[in-house]
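Where do oppositely charged side chains pair up in a protein chain, and how accessible are the partners? The text below takes up these points for the model shown here.

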Amino acid sequence: MTVAFDPRYLKRDFNSVGTRPLRPDGIDKVTGRARYGADFNVSGQLIGRILRSPHAHAAIERIDTSKAEALPGVKAVITAADLPNLTDGDAAMFDILDNCMARKKALYDGHAVAAVAAVDARTARQALKLIQVEYQVLPHVTDVDEAMKDTAPVLHESVLTEGVESRPSKPSNVPKRTQYGHGDIEAGFAQADFIVERSFKTEQTHQGYIEPHACVANVGPDGTADLWVCTQGHFVYRQHCAQLLGMDASKLRVTSSEIGGGFGGKTHVWAEPVALALSRKAGRPVKLVMTRDEVFRASGPTSATSIDVKVGARKDGTIVAAEATLRYSSGAYGGMWAELGAMTAFACYRLENVRTVGYEVLVNRPKTAAYRAPSAPMAAFAVESVVDELAKQIGIDAVEFRIKNAAKEGTRSSYGPIYGPIGIGPTLEAAKNHPHMKAPLGENQGRGMACGFWFNFGGQTCTDLNIGMDGTVSLAVGTVDVGGSRASLSLVAAEELGIDYGQIRAVVADTSSLGYNDMTDGSRGTFSSSMATISAARNAISVLRERAAQMWDIPVGEVVWEKGHAVAVGEKHGNLGRLSLKEIAAASGKTGGPIAGHSELVADGAGVSFATHICDIEVDPETGATKVLRYTVVQDAGKAVHPTYVEGQYQGGAAQGIGWALNEEYIYGKDGRLQNAGFLDYRIPVCSDLPMIDTQILEIPNPNHPYGVRGVGETSIVPPLAAIANAVSNAVGVRMTHIPMSPPRILAAIVAAGNG
């Protein structure tokens, strides 16, 4: 029986939700039993390898694969001809297809141009060397500002800028312009007593997941296929791969492995369609695992950006106008990265006059992908830096300035919607009163703080809850567990059913075992699947009540569910006692068969998320070297289902933000080739680089979720760039405007300002 589902928040006390049980996947992961993408093997499998362009921009004039095909042990060689264009005019899908295997042009260093499947890795590598590709090398551009110039080489002759008043007739590297805001900017700035205007740059970074992209593809002679893959969304992978290969989606079963990090980088298909095409041609399973070099050169990093920000305020500290122009590189294919930056830039503040303009910019770099709250960290870096500088000019404490101008319930956001209950004000008040904010600083040390915002997503979600005859519960979900959601969803099921957490096992079902689920991104995993789990559990409880009524031979309307038991209500039933879930399940074979609850829904109202971060840093004035001394995250979780996981998300986002702010960047040579495609030269933070990161969880309930849950996984990466930049700037007395703030950049800024 399906029960009408009410997603509204109702205040309640919790027994399971909010506790900290052990993670269900922990033992498998620490003992090596957990199977990741590269851990899966099939009898008779071949090894796939991809030939990649050594040029940043080149026309492909001819590919000769004959020598590779003749090599003993090679079972298949493919080029773009083996992946024909079946996208039926869908420009976004064609971009995915062209990125998976270059067609007329190689658009970046590392762009796939051919692939082989052979009996072993050695033979596959030999075969790649035998493929002859004739290129006509073309001029390239890798810098976001240079790519916007009229003199820049154009990547796609078909790209005409959208979002401008009159559609241009001349192609450019700007696929799209977007604008957000309200009020009268010019009138607002006319009221300002103080105005700060600055330009900023951020360099391209990678998510830095430890597990490379890996898959095993197996296409059968009847056209059915299996794909085992590390992914954040196996249903989306099925949809994309099936469309690109001309398959029926129902004939492709995709199983998600454990995931060794994703952070948004495993939301796109990169090599999976290639593996399927190789398997189809070879008639054998094909295993394809990217090398670390390939991960950096050919999977999706963040955007590099160039941002101008101008903010004006009255002398009483009221912001009267704010505007930003944001230029985001999207790699060789268009995206919506600048649009997201334009939407998030001023989202923390209550503004009468605000305008943001975003430009998507094509460059000869890999196709950009999400990295946690995509685009928001760069926008926050620029805006929060200016806000800090403006507070200093006015003579107001940086925290008080933000509190005075913070958005609140009823505020019209800078990107359009009216806010409901939100947490920016409470996070700022908590930061103001935190012991960290009052701790003394030493010589060459600085403190910075910043705010951050993310939308959070919901989306299509499907969940099954099955009750075994022994009273234990299997929960099948379709959202990939990228941050501990299996534990959280088990807690939610335990809460609804009124049973112990240990009686529930959550699994991520394959695409043939459950209805469609959207990608696990936008912090939607726990939010959407917990909503579906609550719905499924309530449907199961409805069945349990029916079975109990049948066992007692009373009307179902006289049975309620309390703390894991069916209870007969009314004085006439006082002698019936209680029936536990386990007792009802044990009798299910005699009362109608299996007991289950199912839910499919579109989870709306994800609830926006805000955070405030505090950072103390020490800078060596002679070398520009930095050391993060102390770091604190204050963030609104709505309701922390599993507080340990929530704290881990806060800490993980902060740690990645620290690396982004201080060390990490893609470095391209004049030839347009990536020079640091490995963890030796692209340095992510290790334990010795980080302090213990303190966390404070606030809980301002989301009115659109029964438990008040908000997504938490992305907001925590938004403030670090700005918080650290403000700390460094305060430590050295120079405003830092270029991320990452590597020692040479800091030292150069000190010298340029005459402080060195």
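Predicted model: local features only at pLDDT ≥ 70, side-chain atom pairs only at ≥ 80, totals over all residues.

Residues are numbered from 1 along each chain as its sequence is written, and side-chain values use heavy atoms, with hydrogens and water left out.

The structure holds 40 salt bridges, each being a side-chain nitrogen of Lys or Arg within 4 Å of a carboxyl oxygen of Asp or Glu. One of them joins Glu146 to Lys149, with the closest N and O atoms 2.9 Å apart. Glu146 has a relative accessible area of 38% and Lys149 one of 42%; both values fall in the partly exposed range, between buried (under 20%) and exposed (over 50%), with a 1.4 Å probe and protein chains only.

Glu558 and Lys572 form another salt bridge, at 3.4 Å from N to O. Glu558 sits in the loop between helix H16 (525-552) and strand E20 (559-562), and Lys572 in the loop between strands E21 (565-568) and E22 (578-580), so the pair ties together parts 14 residues apart in sequence. Helices (H or I, at least four residues) and strands (E, at least two) are DSSP runs, numbered from the N terminus. Glu558 is buried at 19% relative accessible area, whereas Lys572 is exposed at 61%.

In the salt bridge of Asp636 with Arg710, the closest N and O atoms are 3.0 Å apart. Asp636 belongs to strand E25 (residues 626-636) and Arg710 to the loop between strand E26 (693-698) and helix H20 (720-732), so this pair links parts 74 residues apart in sequence. Both Asp636 and Arg710 are buried.
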